[in-house]
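Me: Hello! I am new to this structure and would like to learn how to read it. Could you walk me through it?

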Amino acid sequence: MHIKKISSCAFLRALLVSVICLGSVCVSEAKKAEPATETGTAAAESAQPAKKRRPILLDIRTPDEYYPDHIGRAINVPLAELEDALQTMEIFQDREVKILIYCQNGNRTKKAMDIFERLGFYNVVDLGGIEDAKVKVRDAITTFHENRERLKKAEKKQ
């Protein structure tokens with residue numbers, strides 16, 4: 001396998017940067033919205049270089065699992081449709097873009113990682129199941145805000 005192994009500190013740093021790039025990520029509870037598609041912001045960003053593009057937060061559960069509970073700006077592409085989507089959707093044409101994936105309990109993300117690797121996507125982070133993903137995203141946001149407050153205080157002292 002060519003997937004990088006990273007330390008927990010490096011993982012948290014990468015997750016923090018990803019969350020910051022995602023903007024204000026919120027966990028939607030019992031939201032009956034349509035799943036995100038490759039329109040609007042996502043399509044516009046797909047034309048930008050990977051370093052300037054926001055990471056893609058990808059929910060690989062079924063629509064029935066996605067609708068009642070998903071993380072903020074997550075795009076819903078069920079595992080059964082993932083390989084086709086990775087090959088046909090414009091948003092996935094840049095294989096360097098960072099992709100954060102989660103499912104219901106972490107089993108499908110392991111299968112998805114094999115698909116990503118086989119298709120040449122190596123900048124993929126497995127967040128595990130949705131509850132673990134919520135905690136990781138929440139922790140990264142909290143760390144970001146704490147660090148931002150420390151920086152503001154340090155700047156005021158200068």
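**Reading the chain step by step**

Reply: Gladly! Keep in mind that this is a predicted model. Let's begin with burial: buried residues make up 40% of the 158 residues in the chain.

Me: What does the secondary structure of the chain come to?

Reply: There are six helices and six strands.

Me: Is Pro78 buried or exposed?

Reply: A residue is called buried when its relative accessible area is under 20%. Pro78 has 10% relative accessibility, so it counts as buried. You will find Pro78 in the loop between β4 (75–76) and α4 (79–88).

Me: Which residues is Pro78 in contact with, leaving aside neighbours within four places in sequence?

Reply: Those are Ile60, Arg61, Thr62 and Pro63. Take Thr62: it is 16 residues from Pro78 along the chain, yet their C-alpha atoms are separated by 5.0 Å.

Me: Now for the surface. Which residues gather in a patch of positive charge there?

Reply: Arg150, Lys153, Lys156 and Lys157 form that patch. Arg150 sits in helix α6, which covers residues 130–157.

Me: Why is Arg150 called exposed?

Reply: Exposed means over 50% relative accessible area. Arg150 has 52%, so it is exposed.

Note on methods
Residues numbered from 1 in each chain as written. Predicted model: local features only at pLDDT ≥ 70, side-chain atom pairs only at ≥ 80, totals over all residues. Heavy atoms only, no water. Patch = residues over 30% accessible without salt bridge, like charges linked within 9 Å, V, L, I, M, F, W, Y side chains within 5 Å. Areas by Shrake-Rupley, 256 points an atom, 1.4 Å probe, with all protein chains shown as cover. Salt bridge = Lys/Arg side-chain N within 4 Å of Asp/Glu carboxyl O. Lys, Arg positive; Asp, Glu negative; His and termini not counted. Charge placed at Lys NZ, Arg CZ, Asp CG, Glu CD. Helix = DSSP H or I, 4+ residues; strand = E, 2+ residues; numbered from the N terminus. Buried < 20%, exposed > 50% of the residue type's maximum accessible area, 1.4 Å probe, protein only. Contact = heavy atoms within 4.5 Å.
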